[in-house]
Amino acid sequence: MQSEYLPILEEHDGKLLVRGKTERRQAHTFPPVAHATAVIVAMLPDGRIILADKTEKQRKKGRIIPSGRHVYDILGGHMTYEGIPKAEYTEGLSADTFFKCAFREMSEELLRLEADGSTQPFIPDRNRFLPIGLYTLKNDHNREYSWAFLYLLPDFGPYTSEDTLITSSGEETIRQPVRTFTLEELTFYYRNGHQNDVIISDGIGRILSKNHGKELYDLMKENLKQDMTKGVTIMK
């Protein structure tokens, strides 16, 4: 299996500098290695957000999830070392490099679902990506710098998702059903996930935990058509 390398990052004077590379499987060891990701909040025209069901992938990674519970998260993934222009190693990662990562991840993970169960690629429109902000996640097994983007979906699909799992024998593709949530519902489940059958993972969690999700709320409200906002509660 060909190794995938992620950049080792160091924050210095407000910039994210590349200090080397590490194999992807080593990035989440203890202590974790600082690296970069991009996450995408895919919003339907009525303000609901699409999340992928990550339960099967998480179980295959060894996470114990009780029967009947489901783990959901937004789209997104890791920035590769090879995907970074060499000039940015010392000048700092640019917003454009994060955007290219987001575009690639959305192209790979979101699919259009046909009536017969088959799928078609979803081709993102770069003009529908809106930056939300840069978020950091630091705990005992993960250190990520993530640019988050809001993507304004043009229609209601239907959509589905797929993702890849890196294993010792190669990559495994996992089909992931999607579910829609209002931002209010996401906030509730994120705060009370262990009391419910819905667990909201840390991709969207990092956005909801910063200023109670205000950056996302403001951007969603600004970009919802006026007639669509009637009766749609985004957040209490």
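Guide: Rings of Phe, Tyr and Trp (its six-membered ring) pair if their centres lie within 6.5 Å; planes under 30 degrees apart are stacked, over 60 edge-to-face, and the rest tilted. By this rule there are 13 aromatic pairs. In one of them, the W147 and F149 ring centres are 6.1 Å apart with planes at 35°, so this pair is tilted. The model is predicted, with local features requiring pLDDT of at least 70 and side-chain atom pairs 80 or more, while totals for chains, interfaces and linings use all residues. Numbering starts from 1 along each chain, and side-chain values use heavy atoms, without hydrogens or water.

Two lysines sit over rings (NZ within 6 Å of the centre and within 35 degrees of the normal): K21 over Y5 at 4.6 Å, and K210 over Y135 at 4.9 Å.

Now the helices (DSSP runs of H or I, at least four residues). The axes of α4 (residues 183–192) and α5 (residues 202–209) come within 10 Å and cross at roughly 100°; the two are therefore roughly perpendicular (65 to 115 degrees). L183, L186, T187 and Y190 of α4 contact (heavy atoms within 4.5 Å) I204, G205, L208 and S209 of α5. Six of the eight α5 residues are buried, namely G203, I204, G205, R206, I207 and L208. After α5 comes N211, with a positive phi near 55°.

Key
Axes are lines fitted to C-alpha atoms, for helices over the stretch in contact, and angles run from 0 to 180 degrees between N-to-C directions. Angles under 35 degrees count as roughly parallel, over 145 as roughly antiparallel, 65 to 115 as roughly perpendicular and the rest as oblique. Buried means under 20% relative accessible area, exposed over 50%, partly exposed in between (1.4 Å probe, protein chains only).
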